[in-house]
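Have the model open beside you.

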2 protein chains.
Amino acid sequence: VDVDEASHLARMVGDGPPGLVRDLGAIVGREQVLAPAPASYLADEGRQAHRALQGHAEAVVRPGTADEVARVVAWCYANDVPVVPRGGGTGLSGGAVPFGGVVLALERLTAVREFDPLRWRIAVEAGMTTFGLKRLVRESGLVFPPDPGAGEQSQIGGNVSTNAGGPHAFRFGTTGAWVTGLEVVLPPGELVRIGGPVRKDVAGYDLRSLLVGSEGTLGVVTTAWLKLLPAPEAVRVVVGVYPDVASGCDALEAVIGSGLLPAALEYFDGGTLRHVARGFPTPLPDEAGFMVIAEVDGSEQEAARQAVELADVLAEGSVAVFAPEPGRDVDALWRWREGVGLVVTQVHGGRISDDHVVPLERLRDAIAAMEQIGARYGLEAASFGHAGDGNLHAGFLYAPGGLDQVERAEAAALELYPPTLALDGSVAGEHGVGVHKLVQAQEQLGPRRQALQHAIKQVFDPKGLLNPGKKVGPAPGP
Amino acid sequence: VDVDEASHLARMVGDGPPGLVRDLGAIVGREQVLAPAPASYLADEGRQAHRALQGHAEAVVRPGTADEVARVVAWCYANDVPVVPRGGGTGLSGGAVPFGGVVLALERLTAVREFDPLRWRIAVEAGMTTFGLKRLVRESGLVFPPDPGAGEQSQIGGNVSTNAGGPHAFRFGTTGAWVTGLEVVLPPGELVRIGGPVRKDVAGYDLRSLLVGSEGTLGVVTTAWLKLLPAPEAVRVVVGVYPDVASGCDALEAVIGSGLLPAALEYFDGGTLRHVARGFPTPLPDEAGFMVIAEVDGSEQEAARQAVELADVLAEGSVAVFAPEPGRDVDALWRWREGVGLVVTQVHGGRISDDHVVPLERLRDAIAAMEQIGARYGLEAASFGHAGDGNLHAGFLYAPGGLDQVERAEAAALELYPPTLALDGSVAGEHGVGVHKLVQAQEQLGPRRQALQHAIKQVFDPKGLLNPGKKVGPAPGP
């Protein structure tokens, strides 16, 4: 979003009515209305042109219960005040950045509403963190498979609202695949339950899936009913290292074609490895130009058997294949994985990174396109991501003080979109649309789907006050 | 739907315009317009009050391509003619039964658009049968997990439009979980693609899931992009037989609580076993009052290991536990399973059966409620279904000629709904809403969700011509 667009969004809304702080304070308690809004609630983790997008808001409101959320939305709706729901603020697309109105922070809604470990299910409020949920269910021998990054900060409500993914989405699907029910506040302030603990339900249109990934533009998620799985007895990871993209992508396709069903299948290109190899738990060979990480699970015996098969498949064309010791070494590897994006960003101080998806066999083409664009702009290209899903976190590194580097990185990143669309891909795999990817998402969707989206938005939110301007963009003119 | 309601639905639409057969014939070929409409296209497999719901239509139109589907819809939309999309006609809820307008039969759209076995995906047209798809992918070592009944007749378009399930939905989810993209014809006759081969996509609202399960009321599915899985090396089935509902439900919960992750977990109550035990591939003990079938899979070794564990868990409280030989005996068992509904129906000549879902721990309560209702009405109760999903196909047997039996069975079936809703369940797990369950679905959803549904219907189908009166019911008055 550029500065013009941001000020346009800001102009869409006036200043809040004079009684805002008092009236909302009467609902949630005066100390839970932060006005002026602290800067930490006005940005997310994304940046463009090396600037975090900094929004503005009349106030931050921190309700403590779903009922208070409903009353806050009702007051805002009655008073024409925009509502920007906020989870952990770890998004990368500007979805939680406000341009006026109030920030509705869900962080105090952390209750476990129901937990039935023997039937593999839990209902938690929106503000519970991803890792908080994962730790809780793990104590009962269960797993909640989705594993987006920033698990200590990111919250279930945000994960639902962006349909967050992560490495294990390959076998287990994104967050939405685990949601059986939602409690949401819908305009003009009504608490509605859609689904619940039951695992199947076709009594109505699938409004649950419509809300999942809608980035707070249709309703405010207050509670999610989630399915869980028994934790596997054992997890094994095998790492394959390749000289180049071609041999690495061959290996990826060989894994998929082998009949094995990995839980996760990640890749790292040479531009990434160059900078993160040093922190990798095991020394990597100098020739490392591409790396594949695959995880399998099951009983001890089964996981070990699959790991042997996997190592065999990954060996073809590799310069090294190794299997970290189960337990501590595997944990260390996934911790390393979690930090890759940050490390690569810090190399020169900046990275424009996007979240493209292509069919698996086109991954090599997408990486090649990225490298060519980088070379043309004189920028280092680096990509890594969820290979099994064809999901690249692809970007260009830049030094913020370097000559034109920010501008070149921005221009280069924009050139990645046409190849993605030409490869029958998606411009947004798991990071949402927010405001940063509105133009690209609209190009991908085309006029009919855009029109349907705006009409659906109008059905749920006739005043256009829920997270205005996000996901589907500003309402079309009359 | 009663006779009055059917004639009301019929009155909603006038007779077709005079040029209907000629104009539609010009699009699809005169021989592909069947007028008068053959009776076989005017009913489904469901019945109420021992009568199949018999609809009426101006004509049956059988387009041969997606483009012809779009042109047929465009003509109908321009001429105010209702369009009732039809797959295999194996539904049980009246969703494909027309009340005027034209039946749009998709059965000639059987092409495989893309098949990429090495990347686990296929795109097939709507008219391909479930078994046709399963056989095709099986030849390449893959599986399409959803397995609704009537696989030789049911078609992918119908499975998508009802979000069909089946025994293996327990581990693998219903049809929608496997759909990555849809090509649909949307009013007023536009061919639109939503998603495609990519496995992740949050560029827009999840319109794909909204169309899945919408029973042809929002658009006409012409092609589905589907994910597939590598076939497991081995499949093992273990059967537990119990004296009564309590011990059987204890066993079901013990399986879920054991840490095993079965692919399917089915149950059959005493009222069902009484009639189907004779056809079961293995002799069952006389005390059989409840039966559990659980399937596990994996490598030969892993499947065998899990089967041993499963047998151990299922033994508690059982009168018999046995494991059919992998291969022929397991196939025979699943064939038997497929016929259970039909056999039970034929016992006395009639059965009112519904498709309730409850949380797993409430299965015993739902079965108890059903038995009590049956006793009160002097009718045999029989239920079986997808226990792992808490999905009961529950019904009452009657002799069509018996004194008041049809009426009593209908009344008894209606009494099953309040307990399902009281148990936090759903009135429709996988059979759709159609017309038969409109009242119950609306009660489950409540006024806000009903209003949202009607508004969404209006967005997609402003003239209300797509499968009018189904799923969400007639449009509310002004």
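Two strands count as paired if DSSP finds at least two bridges between them. Strands themselves are DSSP runs (E, at least two residues), and helices are runs of H or I with at least four residues, numbered from the N terminus. What you're looking at is a predicted model, where local features need pLDDT of at least 70, side-chain atom pairs count only at pLDDT 80 or more, and totals for chains, interfaces and linings use all residues. Residues are numbered from 1 along each chain as its sequence is written, chains are lettered from A and ligands numbered from 1 in the order in which they are written, and side-chain values use heavy atoms, with hydrogens and water left out.

Start with the five-stranded sheet in chain A. Its strands run in the order β7-β8-β12-β10-β11, the sheet is open, and the pairing is antiparallel. At the edges sit β7 (112-116) and β11 of chain A, each pairing on one side only. From one strand to the next, the twist averages 15°; angles here run from 0 to 180 degrees between N-to-C directions, with axes fitted as lines to C-alpha atoms, for helices over the stretch in contact. Inside the sheet, β8(A) and β12(A) (residues 220-227) run antiparallel and are joined by five bridges. Look for Ala123(A), which stands opposite Trp225(A) in β12(A).

Chain A also has an open sheet of four strands, ordered β1-β4-β6-β5, and this one has mixed pairing. Here the edge strands are β1 (33-34) and β5 (83-86) of chain A. β4(A) (residues 59-61) and β6(A) (residues 102-105) pair in the parallel sense over three bridges, and Ala59(A) has Val102(A) as its bridge partner in β6(A).

Which helix lies across β4, β5 and β6 of chain A? That's α3(A) (residues 66-78), running at about 165° to β6(A). α3(A) also lies across β7, β10, β11 and β12 of chain A, at about 45° to β10(A).

A few backbone details are worth a look. A cis peptide bond joins Ala35(A) and Pro36(A), with omega about 5°, and Pro36(A) is in the loop between β1 and β2 of chain A. Asn163(A) isn't a glycine, yet has a positive phi of about 50°.

Now for the meeting of the chains. Counting contact as heavy atoms within 4.5 Å, 82 residues of chain A touch 81 residues of chain B. The buried area is about 6,500 Å², with carbon and sulfur atoms giving 59%; that is the accessible area (1.4 Å probe) the two parts lose on being put together, summed over both. In chain A, Lys200(A), Val202(A) and Tyr205(A) lose the most area to chain B, together 15% of what that side buries.

How many salt bridges cross this interface? The rule (a side-chain nitrogen of Lys or Arg within 4 Å of a carboxyl oxygen of Asp or Glu) finds twelve. One joins the side chains of Glu253(A) and Arg119(B) at 2.2 Å, N to O. Over all chains, the search finds 52 salt bridges. Among them is the pair of Glu361(B) and Arg121(A), at 2.4 Å, N to O. Glu361(B) lies in the loop between β18 and α12 of chain B and Arg121(A) in β8(A), so this pair joins two chains.
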